[in-house]
Amino acid sequence: AERLGIEVGDPVMRTENVVRADGEPVQLSTSWEPLAVTRGSTVEWPDDSEAVGVVTRFDLLGIRVDSVEEEVSARMPTETEREILRIGVSVPVMEIRRTYRAGEQAVETADIVVSADRYVLHYGMPVL
């Protein structure tokens, strides 16, 4: 609720996904979107929408996503994360807390978990 800028208890669409590469699980993602923005629209159900991706989906609603913020941290995985990602007990994961915004309004936030021994996070930013 805090990351979306909504009240605790406000309705959201929660989506959980396991992303696979070559049939192997490589990423866990749980995302939340405020139903006050998407309810009743063609993109209310992210996995059932013809449009793929947050920016494309919200464009269909006339909402221009203009920024994304990520907070990256490392930690040890939960037992469930170890099982799903098929990683050893001593292998850390990176957790990426991502929030998409249209102006000041957060339209989607997600917790993404990847095995730290399989990923390199690479960021580029303009110098102003």
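Good morning. Of the contacts in the protein chain between residues at least 6 apart in sequence, 53% join residues at least 24 apart; contact here means heavy atoms within 4.5 Å. The structure is a predicted model, in which local features need pLDDT of at least 70, side-chain atom pairs count only at pLDDT 80 or more, and totals for chains, interfaces and linings use all residues. Residues are numbered from 1 along each chain as its sequence is written, and side-chain values use heavy atoms, with hydrogens and water left out.

I turn to the secondary structure. The protein chain has three helices and five strands, and from the N terminus on its elements run β-β-α-α-β-α-β-β. These elements are DSSP runs, with helices (H or I) of at least four residues and strands (E) of at least two, numbered from the N terminus.

E1 is joined to strand E2 (residues 24-34) by ten bridges, and the two run antiparallel. Among the bridge partners, Ala21 has Glu24 in E2.

Finally, the chain as a whole. Its C-alpha atoms fill a box of roughly 45 × 40 × 30 Å, taken along the principal axes. Buried residues make up 37% of the 128 residues in the protein chain, where buried means under 20% relative accessible area (1.4 Å probe, protein chains only). Thank you.

Technical notes: Pairing = 2+ DSSP bridges. Buried < 20%, exposed > 50% of the residue type's maximum accessible area, 1.4 Å probe, protein only.
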